[in-house]
Structure formats: C-alpha cells, structure tokens
Amino acid sequence: MTKRHGYALLAAIIAVIVVLSAAIYVGVSADDGSGDRNNLASGRAPHNSAAPASTGAWVGAWSASPVGAEPGTETNGMAGRSVRNVVHASAGGTSARVTLSNLYGQQPLNITHATIAVAATVNNAAAATDTMRRLTFGGSTSVIVPAGEQVLSDAVRVRIPHGSDVLVTTYSPTPSGPVTYHPHARQISYVADGDRTEDVSGTAYTEQSEYWRYLTALDVLSDDSVGTVVVLGDSLTDGITSTVGANHRWTDVLSDRLRDAAGSSDAPRYSVVNQGISGNQILAAGLGRPADNPSGLSRFGRDVLDRTNVKAVVIDLGVNDILRNPNQVDPATITDGLRKLVRQAHARGLRVAGATLMPFQGHRGYTDARDAVRQAVNAEIRAGKVYDAVVDFDAALRDPYNPRRLRGDYDSGDHLHPSDKGYKRMAEVFDLEDLKGSAPAEL
C-alpha cells in the first residue's frame with residue numbers, strides 16, 4: 001500500500017467514527033424539556049422497556065386531578081388487586097411515562113409491578129399486540145410512594161397513537177390505606193384479583209369502575225405536538241354529563257380541533273389535558289388534610305403549573321362559587337380569585353384564556369340574585385379585565401329566547417351541564433389562536 005492510499009484509508013476510518021459518534025450522541029441526548037423530572041432508567045428493564053432514542057418534545061397526553069380518598073378503601077386500599085386505568089391520549093408519541101399519586105394515602109403505597117400498553121380497541125381491558133411494557137422507577141420495577149406524595153416513572157419506548165386508549169396498570173400486594181382517586185371519569189377502567197399486571201388478554205379484569213385510581217398523568221415524547229394546554233375547571237370541564245367512554249368532553253373536542261388545524265392555520269400544535277374536578281370552586285375546598293376537592297387557588301401550582309411543557313392555560317371556574325355558598329356572594333370575590341390564578345400563570349409567562357359562566361335557570365340552585373352575580377362576573381370577563389383572551393360559552397350555549405337558560409338541545413336535562421352537543425359547541429366557539437403567545441406585560 002502506498003503512503004497516499006494509507007492516508008486515504010485513515011481518513012475514511014476517521015470519517016466513519018465521526019458519523020457513528022454523532023448518531024450515538026443524537027440517540028441519547030433528546031431533551032424532554034422537563035429538567036430533572038425525567039429520571040430515565042440506567043439499566044435494561046423487561047419487556048423492551050428503554051429510554052427514548054428519538055427526538056421530540058415531552059407533552060401531556062392525558063391527566064386528571066386527584067380529588068380525594070376513595071370511600072371504602074380506608075384500611076386495605078387496593079391490596080392484592082391489579083388496577084387497570086384506561087385513559088385517552090390527546091397526543092401521540094414514541095415514548096411514554098406516567099405519574100402515580102398517593103396524595104390522600106395515610107401510609108406508603110408499595111407498587112411492586114406496573115405496566116403500560118395501548119388498548120386493543122376503545123373501552124377494552126385487552127392490550128394491543130406487542131405494546132405491553134413494564135414500567136420502571138429510577139431503574140427499579142417497584143416503587144414506594146410516600147403518603148402525600150407522587151412519583152414519575154422512567155420513560156419507556158412505546159408508540160402511543162394519537163387518540164388511542166392507553167392502559168396503565170398497577171399492583172400493590174400490601175394494604176396502603178385510602179386510595180387517591182378521581183371519580184366521574186366518564187371512562188370505564190378495570191380491576192382484577194391478584195397480580196395480572198402483564199395480562200394482555202384482559203380476561204381477568206372482570207370488575208369495572210368509573211374511577212381513575214393512583215394515576216394522575218400520562219406524558220408522551222411527541223413527534224406532532226410541541227407543548228401542552230392545561231384546562232382548569234369544574235364539572236363542566238370534567239364532562240360529568242358526557243357519554244361514558246365516548247370522549248365527548250369539550251376538552252376532547254378542543255384537542256381534536258387543534259390537531260386538525262395543525263399545519264393548515266396559525267393554530268398552535270398543542271396537546272390538551274383536562275384538570276376539571278366536579279364541584280370545584282375557586283376559593284373554597286372540602287374537608288380533610290389534604291382537603292378533598294381542593295380549591296382552584298390551592299391546586300393551581302400542582303395541577304396546572306407542574307404539568308409537562310405547559311404553553312397556555314384555560315380557566316372555566318366560578319359557577320360553583322355562586323351555587324354552593326349559602327349567602328349571597330360578591331361578584332368581586334369571584335373575579336378577584338380568578339385574577340389571582342391569572343397572576344400565577346403570568347409569573348410563569350403563560351397566556352390565559354378564560355370562559356364566561358353559562359346560565360343555569362331551571363337548576364335547583366337557581367335564583368334571580370345568583371344569576372345577577374353570574375352576569376356581573378361575565379361583564380368583567382367580557383370587558384377584558386380578568387383574562388388575556390375570552391371564550392364566550394354563555395353567548396354560545398344560552399337560549400336566544402331566554403338568555404338565563406341553556407338552549408334546549410345543548411342542555412343535558414339538569415339545566416346546568418351541557419349535553420354532548422353542548423360540549424361540542426363549547427369547543428367549536430374557541431378561537432385556537434387565543435392560545436398562542438406569552439403573557440402580556442400587564443392585563
């Protein structure tokens with residue numbers, strides 16, 4: 001070999017090494033945008049569990065606020081049973097991670113086995129072929145969640161299609177006391193006796209429930225969304241009267257609208273997560289420590305600001321502050337509370353869109369005086385004195401012949417909560433461009 005050929009061969013070898021090094025660097029350095037919250041496993045876990053190797057942005061695909069301690073679980077919790085939560089992904093991705101909460105527990109929650117899988121079909125406990133993955137926590141397949149706290153799993157490589165149902169299953173062999181849960185899920189989840197965490201067929205899951213237990217968030221490493229919209233609300237956001245298993249909450253429709261508009265308009269490419277709690281108020285909370293049904297003000301940091309890669313906030317609160325207070329509430333009390341929420345969001349540079357309060361004449365809690373409070377609150381909101389942008393749910397859903405009442409086909413029948421058609425209308429009147437941009441310097 002001549003010296004010239006030798007130099008050429010050496011140069012080629014160096015070039016190959018550079019290319020391989022670059023590929024390895026890209027594979028391990030995808031940033032999730034969440035700092036030290038993403039604690040990836042350092043070792044190889046069973047069932048193809050691995051840290052993500054693709055690029056993208058971590059976004060919230062689903063979440064639900066912890067509401068309280070599930071009645072009847074005070075002693076044993078869910079000991080010796082597998083809990084298979086079914087959740088609907090508002091964004092797709094190539095990897096996933098979950099948050100488990102023991103907020104209302106009174107002793108440590110010992111999770112010895114947890115998995116994630118894509119459901120074979122909607123409203124089904126069975127997993128799709130080759131999607132079952134074992135979850136790890138700091139590299140371990142088990143985790144102890146202290147009372148009053150939560151844990152974030154390691155990332156696991158699994159393709160989560162947009163709009164799919166996802167199965168997150170946990171097993172605890174020992175009594176843990178009260179189960180942290182979210183009632184009124186409007187989604188069927190499942191329970192099985194024994195450790196059936198990796199049961200693909202779902203045949204063991206004979207017990208059904210409309211609760212989400214322990215699970216409070218699902219994040220994905222998304223290749224189509226760049227951030228998360230967090231919606232804070234009450235039963236109107238929780239979707240308490242929407243069809244079970246149909247994903248007809250107004251936030252579901254908003255998520256679909258954002259995805260459909262991506263690339264064809266100025267709408268942002270955001271996922272949507274729902275932090276609605278039925279009965280929630282801006283100011284007042286339930287009993288207990290921590291409080292059941294915590295107030296909007298007390299839970300804003302955890303349920304909104306701490307969600308993954310938040311880009312915008314939507315608030316629809318205030319009706320329960322009017323309905324659930326025995327004395328006449330001052331409209332300024334409500335608007336001042338809403339402004340406190342907005343200031344917290346602005347401190348993080350987040351833009352806030354807010355909703356007017358819808359009518360409720362015909363509901364058992366209606367009085368003319370309470371409606372006057374609602375209309376005074378709406379006047380402040382419409383005047384631009386509360387939020388950065390306004391979505392006028394009141395104008396969109398009220399009866400044009402009696403504006404104190406919901407339009408008949410938008411009414412679920414209780415004269416407070418919308419029908420599926422009403423929820424759809426709420427999402428349709430939302431200006432998607434209102435979610436873009438940062439907080440103004442001054443409202």
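The model is predicted, so local features need pLDDT of at least 70, side-chain atom pairs count only at pLDDT 80 or more, and totals for chains, interfaces and linings use all residues. Residues are numbered from 1 along each chain as its sequence is written, and side-chain values use heavy atoms, with hydrogens and water left out.

The empty spaces come first. Rolling a probe the size of a water molecule over the atoms shows where empty space is left. On a 1 Å grid over the protein atoms alone, a cavity is a set of points where a 1.4 Å probe fits but cannot get out, whereas a pocket is an open set with protein on both sides within 12 Å along at least five of seven lines; lining residues have an atom within 4 Å of a point. Grid points are joined across faces, edges and corners, and a volume is the space filled by probe spheres set on the points.

Two cavities of 30 Å³ or more are found in the structure. The largest cavity has a volume of about 220 Å³. It is lined by 22 residues, and W62, R249, T251, D252 and N274 are the closest to its centre. Several secondary-structure elements contribute to this lining; helices (H or I, at least four residues) and strands (E, at least two) are DSSP runs, numbered from the N terminus. At least two lining residues come from each of β1 (57–63), β3 (81–88), α3 (250–261) and β18 (270–276). Of these, β18 gives the most, with four residues. For the classes used here, Ala, Val, Leu, Ile, Met, Phe, Trp, Tyr, Cys and Pro count as nonpolar, Asp, Glu, Lys and Arg as charged, and the others, Gly among them, as polar. The lining of the largest cavity divides into eight nonpolar, eleven polar and three charged residues.

The second largest cavity has a volume of about 40 Å³. Among the residues that line it are S63, T99, Q150, T216, Q275 and R307. Its lining has two nonpolar, six polar and three charged residues.

One of these lining residues, T99, lies in strand β4 (residues 93–101). T99 counts as buried because its relative accessibility is 2%; buried means under 20% relative accessible area, exposed over 50%, and partly exposed in between (1.4 Å probe, protein chains only). The C-alpha atoms of T99 and Q150 are separated by 6.8 Å, although these residues are 51 residues apart along the chain. Contact means heavy atoms within 4.5 Å. Leaving aside neighbours within four places in sequence, T99 is in contact with Q150, V151, L152, Y214, L215, T216, A217 and R307.

T237 is buried, with a relative accessible area of 0%. Not counting residues up to four places away in sequence, T237 touches V231, R249, W250, T251, N274, G276 and D316. Of these, R249, T251 and N274 are also among the residues closest to the centre of the largest cavity. The side chain of T237 makes a polar contact with the side chain of W250 (3.5 Å). A polar contact is a pair of N or O atoms within 3.5 Å; within protein, one must be able to donate a hydrogen and the other to accept it, and residues adjacent in sequence count only if both atoms are side-chain atoms.

W250 leads on to the aromatic residues. Rings of Phe, Tyr and Trp (its six-membered ring) pair if their centres lie within 6.5 Å; planes under 30 degrees apart count as stacked, over 60 as edge-to-face and the rest as tilted. Five aromatic pairs are found in the whole structure. The rings of W250 and F430 are stacked, because their centres are 6.4 Å apart and their planes are at 20 degrees. W250 lies in helix α3 and F430 in the segment after α9 (420–428), so the pair ties together parts that are 180 residues apart in sequence. Both W250 and F430 are buried. The rings of F360 and Y366 have centres 5.8 Å apart and planes at 70 degrees, so this pair is edge-to-face. W250, F393 and F430 form one aromatic cluster.

The open spaces remain. About 410 Å³ of space lies in the largest pocket. Of its 26 lining residues, S278, G279, N280, N320 and R324 are the closest to its centre.
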